[in-house]
Amino acid sequence: MYINDLLQRSAERFGRRTALIDGTAELTYAQLLGTVVGYARRLRGLGLGSGSTVAVRIDRSMDSVAVFLATQWIGAVYLPVDDRLPAARVRFMLEDAGCDCLILEDDAPEVADYRQTGVRLLPRSLLRPDAGPAAEDPPAELGDTAYVLYTSGSTGLPKAVPISADNLSFFVEWLRDTYTPDEVALCAFTISVGFDVSFAEILAPLVHGGTLALFEDLFQVEGTKLRLTALANVPGNLSRYLERCTLPETLKVVTSLGEPLLSELARKITAGGPLRLINAYGPTEATIYATHHVVSPADLDHAAVPIGLPLAGTAAEVLGPDGSPCGDGEPGELVITGPNVAAGYLSAHARSSTAFFRQQGAAHPSYRTGDIVVRAPSGVLTCLGRLDRQCKVNGIRVDLQEVTSHLLNCAGVANGHICTRQTPGGTRLAAFVTSEPDATPHPADIRAKLAVDLPRYCVPHDITVVKALPTTMSGKVDEAALVDLLTRGDTGEAGGAGVVDQVIARCTGTTEADGDPVPLQALTSLEIIGVRQKLLREHATDISLREIYRCRDLDELTALVRRQWGNAGEALPSDAGCGVGEQNIWLADMYQPGYCGNNEIYRLTFTRAVTAEQVEAALQECVRAFPALRTAYHLRQGKLVKEVADDRAAGFRLGVVPPDRLAEGRNAAAFGRRTFDLAAPLKIRARYLPGDRPVVLLSIHHIAIDAVAVDTLLEHFENVLLARPAPCPQPAAADRTGTVDAQELHPYWHQQLEVLGASIEVPVPAGDVAERREARIAGEAYLALIRTAAKARTSVFCIVHAALATALGQQLGVTAVSLGTPMTRRAAGDRQVACLTNLVPLIAAPRADGTPVLAYLTRLRHDLLETLDHSDISLSDLRTVQARPDSLLMHAMFAEIRQPAPKVGLFEAVEVFTGIAKLPLMFLFEQRADSLTLVGEHIPGESATAFVEAVVAETVREIGALSTAVAAAGVADETGSQTN
């Protein structure tokens, strides 16, 4: 059954069943189909379809599942890209596969590298499913290739394996026949999306209407409340898991895959209760699995578990060196023939490979696996090893010749050899090199060079410089002698706990560690998991595998551990909880991590000389005086809590711009794009620009500004600079200090932000900045507005928001509008810092015909109060300067404070750069005693002026309509119901 047919059939038969679970989020089969079609519609809108190749490098998530299915829906080729691959390898894959598009995480650090390929880059946040009935977007005819995967190659270059829709359809049928509905009722998805077995994980529950539950890794299964029925992973991970944990009692089937299954591990898996243990074997070239074996008690008497029989409808031959069939018990190379075998390699450099061939008269191609097997009289196969220099590292195939070719390209290396050794931490690669004359290659330099070109699992853990490579009597490299050099000093834990303990000691500083630090690139994936588990269990510090993999070295991991230290510990007392405003900002930052719109950037121009040393000392004092500037935020046991760091631990330092780079250093917008990590304490940065009139750029995260009034901070800053004997002023207490369960807010904001999608586009071409357009409401119209606000028990602020949301909704034809709103309350008449911004924008729906006006205004007022700590505020003296068309929620704006802050005379002016809502539209208003002035600007657009005029006019009209409707309605009570 083809993928698109399977998806449609499942939606029809199991529409209300849960298809996907990711944390607290769930999708039914009907919703999954709608999401897939929505993504397909979005991809088609980008010009992608049959013949296109779509590369995807996003984390395991509902999105990754839906995007894979969406590529099949449009007939495109899907290329999964593992997040652990270095940029150089990804660039090669994109160019070699002829990719048309790469979907990647918003915070992917290698974006600049990928742009060199010319492949279109699509950030995950901009890939939102377009709405519409599935029937309007039927699936395309399937192309020749369903997906492409890369395997290690002996030439030094990876090889692309194209799997056809027919190959995948055959595998789907095998899944249906092999697994029962009860077994796949609730499957755990714990395997990397870059590993071909992930397709089996996704498709197995689909064939029987089961549920797929997503986990970050296998170890997250421990303690889950889900009644899991199926689990699949490589033996190395399963073994490490069983060292500390037990398998869920509800499991009905476990599939071991990717590498040999030893009987000792099989005993542990089956000891917990009655379940089926399947040992699955298969190269990528044969569509995931080629053979399988249900483990029986008799298998546990042998060292290795058999790989079993070929899939029904395929053939598995054991051939000798001359190509003749081997008898029972005689070792030979395994050759697979059948509808599951790919047609050949896609990569030009590998198309001449003799691994693929077609036997005379055969309907399907054959593939020489390179694996040595032996067949029992029953037909059951057992794998003995390899013909070539390939091995499996934690289930991933590695060609040692590829690693060797890169090793010989390292500076100072004359000759080298790669071999493997088995350790408690799994299969490890070891490299031995001899040096060129007058050269002294260092293992750290060699490892760094390999890490640039090879995936982490291909980088040798051990690199040893030897005088010469030892050889056997036959002249071959004596691998046993080389490995003996390493094992002489091993303690028995060198491959597992010993390495993990050394890394933990180095990055936590809790114990002394002897010798040179273990390089992160050398750790196997099992050891990386061990580091994560030890940090969590022994140090209450929860760091995701993705975060650890992104650390380039031990120093980066150490810094990460310090920032996240204790984030999985007991929740702090209630007085350390966070207010609603802080929680909203934190949640927005979580959805769009470190987005520069979270920062407020202030440019202070001094009227007298101040030195960099004076500025640094004054700002260090401000960090000491205002705890909000050194507060870290952590989610612990479902509660958002904050920790105030010691001012010395916060480590504030002033950046000084050299005189020859002043022009570049004055770019406040670029300075403000540097992101903050909310789990780290420091929430302020500064840059000093020397000159006759020195300038200081301050960047402060909104979560700190919410607690520290800017004028209060600047007043204290100046007092310290001028050595005034003034006490540190205390910021005013927040109006609302209640706490909200972060886990409850999470789905709420997810739902709110999902409404926006990425489909809202302003119908204005790029061009010049529009002129300002203003409208003034005065006289009887203004009095009617005041009466409307009083009768509706809301504010003018709320009514203007309602009118603007409706006006924009009508102009743009959308059902939701993102509006930026003020963050800081100011005293009456204080116009010093007026910022039209909020990290979590108000998601407002236009007023629909027939909606009771008082209920609509009451709901909008409620949403405003939930979004903000406060709402009513007068705004003035704001003007726009630039937009950020690539941002998801906000665009940049410029606000100038025309008057200095009270009691501050050292600064000539304070300029504030901050963020505003999704649309590049600036809409301001100022309420006075006798009138309300509306100001509109749009950035950019040659025809923006007409658009702004229309929005301003429609907003004024809607204000009048709201006033008329409220006057004719009853009085709203606190719940929004109406009484006459």
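Helix α3 (residues 62–73) is followed by G75, whose phi is positive, near 80°; helices here are DSSP runs of H or I with at least four residues, strands are runs of E with at least two, and both are numbered from the N terminus. This is a predicted model, in which local features need pLDDT of at least 70 and side-chain atom pairs count only at pLDDT 80 or more, while totals for chains, interfaces and linings use all residues. Residues are numbered from 1 along each chain as its sequence is written, and side-chain values use heavy atoms, with hydrogens and water left out.

The end C-alpha atoms of α3 are 16 Å apart, which agrees with the 16 Å that its twelve residues should span at 1.5 Å a residue, the expected span being 1.5 Å times one less than the number of residues. Twelve of the twelve residues of α3 are buried, among them M62, F68 and W73, where buried means under 20% relative accessible area, exposed over 50% and partly exposed in between (1.4 Å probe, protein chains only).

R57, in strand β3 (residues 53–57), is also buried, with a relative accessible area of 4%. Its side chain reaches the backbone oxygen of L85 at 2.7 Å and the backbone oxygen of D82 at 3.4 Å. Leaving aside neighbours within four places in sequence, R57 is in contact (heavy atoms within 4.5 Å) with residues including V81, V90, L102, E110 and Y114.

As for confidence, the mean pLDDT (the predictor's confidence in each residue, from 0 to 100) of the protein chain is 75, and 72% of its residues reach 70 or more.

Conventions
Polar contact = N/O pair within 3.5 Å; in protein donor to acceptor, adjacent residues only side chain to side chain.
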